[in-house]
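I opened the structure to look up a few things. My notes follow in the order I took them.

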Number of protein chains: 2
Amino acid sequence: MTHINQNSLTEQEFLAQYNPGYYPRPSVAADMVIFTVGSAPEPNYRKLPEKELRVLLIRRGGHPHLGKWALPGGFVRPRETVGEAALRELREETGVESAYLEQLCTFSEPDRDPRTWVMSCAHMALMDGEGIQLSAGDDASDARWFRIKYTLLEESKTVSPSGSTCTQLWQLELTEGDTVLFAKVRQTSGQQGDEITLTENDGLAFDHAKIIAYAIHRLRNKVEYTDLALNLMPERFTLTELQQVYEVILGEPLYKAAFRRKIKDLVRETGEYIENAGHRPSQLFRRYWEESR
Amino acid sequence: MTHINQNSLTEQEFLAQYNPGYYPRPSVAADMVIFTVGSAPEPNYRKLPEKELRVLLIRRGGHPHLGKWALPGGFVRPRETVGEAALRELREETGVESAYLEQLCTFSEPDRDPRTWVMSCAHMALMDGEGIQLSAGDDASDARWFRIKYTLLEESKTVSPSGSTCTQLWQLELTEGDTVLFAKVRQTSGQQGDEITLTENDGLAFDHAKIIAYAIHRLRNKVEYTDLALNLMPERFTLTELQQVYEVILGEPLYKAAFRRKIKDLVRETGEYIENAGHRPSQLFRRYWEESR
DNA sequence: CAAATAGTGTCTTTAAGACATTATTAT
DNA sequence: ATAATAATGTCTTAAAGACACTATTTG
């Protein structure tokens with residue numbers, strides 16, 4: 001059946017004569033929070049190195065926020081989805097063709113970019129960072145992995161007649177060599193949904209501290225009930241390494257026996273063992289979804 | 001300190017001379033999946049009415065998709081956030097000033113709107129629908145609550161060397177009076193993150209069936225570990241009603257004793273009781289965050 | 001052997017699942 | 001009385017928390 005509108009046009013005719021007009025439109029960028037886990041320098045010959053959660057940042061080589069550190073990202077182009085734009089950015093920055101990718105949230109405060117109206121559709125990617133050759137994109141001068149420290153400073157509960165809200169103040173510290181970036185974010189969970197606001201910011205461009213905080217919350221939350229942490233592991237890993245990854249994301253120690261019970265269906269034995277550690281060798285495991293061979 | 005870029009401009013000078021240029025930009029719409037729970041007509045005088053999950057749809061009064069049913073939504077304007085645009089739309093359509101609101105995902109397939117490049121930043125709102133006067137917006141001819149039926153038709157697991165994927169085929173049926181809208185969506189959960197594709201669609205405009213399916217998944221998931229279902233309740237409710245809401249969202253029956261143990265900290269007794277039911281009266285409860293009086 | 005980590009066993013605690021029983025109401 | 005729902009008790013099952021113990025390795 002063919003529908004006719006008030007001006008007696010069919011849909012084909014309507015689309016043929018359609019003029020998008022001059023409504024103002026935003027630019028839309030796909031920004032990437034790329035997480036990896038790496039090892040801190042080994043303390044002594046038989047101790048295991050500590051794991052650290054890292055995020056990829058790029059030093060801005062142009063205005064605005066010249067010299068500040070920013071998330072990799074770029075504008076979405078006409079014939080692609082935001083996810084495709086994010087993947088393109090991932091490839092350009094890390095050379096990696098595919099990785100776990102998840103859309104997070106679209107950040108749209110009108111003045112988040114001083115140039116013009118730019119929304120950011122933020123994504124999170126997880127990968128094993130060992131052996132990745134970082135290459136900075138066009139308008140970037142430098143790309144680096146920053147070590148993440150994210151701690152709860154303060155928590156308070158306010159009860160008002162219209163509802164109660166829980167406010168948390170978090171501190172974000174990103175370190176790479178001598179460079180330390182610093183931010184504080186306030187998170188309020190109320191009845192109209194959650195919100196994050198930036199209360200302090202030193203060294204990070206735009207609202208990227210807020211986006212990183214949002215991503216860390218998502219990661220912490222999902223690590224507890226999904227298998228997404230496996231995407232941060234190399235092909236072969238020990239269960240202690242996997243546990244360290246869970247611990248560094250959650251920011252708390254876990255019991256070994258309970259942890260192994262919990263993740264036993266997510267991994268498969270390989271029969272291979274670590275060698276030349278100053279202690280009993282541990283077995284290497286692989287992800288459950290990668291078939292043995 | 002003042003940074004100077006390659007053209008020796010300060011940030012102020014740079015912004016003053018900045019010209020956004022003619023990169024193509026998308027329109028960005030905020031679309032709303034507004035959920036309510038209502039009672040089916042009471043079967044007999046002493047039986048409790050069944051609850052049903054409902055979503056608000058608007059009949060399109062113009063091209064494209066003339067006559068089809070669509071989610072309420074509108075374009076984001078220059079000095080507002082997508083969340084503000086969503087709230088504006090909620091107000092226009094329902095008259096409700098505030099409700100639980102959560103951003104879901106930005107849908108950006110380039111051809112999702114036949115007119116031009118339009119992204120949809122989808123939101124979910126939860127409210128008690130009793131006593132809401134629906135008023136259709138400008139380009140809409142009719143606004144109605146549709147009863148949701150969402151069922152799993154098929155599930156399969158594929159293991160390939162590059163990873164295993166789990167595919168589910170879901171059927172969405174939306175009913176209001178004699179109008180039945182119908183769609184099927186395929187959901188794949190793999191290692192590159194999840195994806196939803198529309199495989200069949202009858203009566204719904206654009207990719208809105210996909211957005212509704214996405215919202216139902218989010219709702220089902222979050223109902224299990226948050227208190228968001230309370231936002232669907234009126235000020236006073238019985239525990240059986242609350243349980244029915246959980247059941248209609250999850251699509252499965254729950255054990256009464258276990259349910260009450262689980263939600264006991266989310267509600268407060270009021271001491272008031274239902275009257276004139278053909279059975280033992282049940283106590284009315286309120287949400288934990290609304291103070292007693 | 002000493003200093004590490006690997007890998008398990010097991011007891012306790014808590015939460016969820018599955019019924020069953022008793023209590024109240026309006027007709 | 002009867003047909004409903006309300007409210008709670010309790011036994012079972014499963015998962016998580018908390019330790020402790022034994023097994024291997026290399027300098």
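I started with a strand pair. In this predicted model, E5(A) and strand E6 (residues 118-126) of chain A pair in the antiparallel sense over 7 bridges. Two strands count as paired if DSSP finds at least two bridges between them. I picked out one position: Thr106(A) stands opposite Cys121(A) in E6(A).

Is strand E5 of chain A mostly covered or mostly open? I found 8 of its 8 residues (100-107) buried, so to speak mostly covered. Buried means under 20% relative accessible area, exposed over 50%, and partly exposed in between (1.4 Å probe, protein chains only).

Conventions: residues are numbered from 1 along each chain as its sequence is written, chains are lettered from A and ligands numbered from 1 in the order in which they are written, and side-chain values use heavy atoms, with hydrogens and water left out. Local features need pLDDT of at least 70 and side-chain atom pairs count only at pLDDT 80 or more, while totals for chains, interfaces and linings use all residues.

Next, Leu239(A). I placed Leu239(A) in helix H4 (residues 239-250) of chain A. Helices (H or I, at least four residues) and strands (E, at least two) are DSSP runs, numbered from the N terminus. Leu239(A) is buried at a relative accessible area of 9%. Which residues touch Leu239(A), leaving aside neighbours within four places in sequence? I listed Phe259(A), Arg260(A), Ile263(A), Val267(A), Gln283(A) and Phe285(A). Contact means heavy atoms within 4.5 Å. I also checked Arg286(A), 47 residues along the chain from Leu239(A): their C-alpha atoms are separated by 9.7 Å.

Then a lysine in chain B. Lys210(B) sits in helix H3 (residues 208-223) of chain B. Is Lys210(B) buried or exposed? Lys210(B) is buried, with a relative accessible area of 11%. Beyond four places in sequence, the contacts of Lys210(B) include Phe107(B), Glu109(B) and Val185(B).

I moved on to chain A as a whole. Chain A has 5 helices and 12 strands. Of its 293 residues, 51% count as buried. The C-alpha trace of chain A spans about 80 × 50 × 45 Å along its principal axes.

Last, the two copies. Chain B goes onto chain A with an RMSD of 0.0 Å, by a turn of 180° and a shift of 0.0 Å along the axis. The copies are therefore related as by a two-fold rotation axis. I note that the superposition is by least squares on C-alpha atoms of residues with pLDDT of at least 70 in both.
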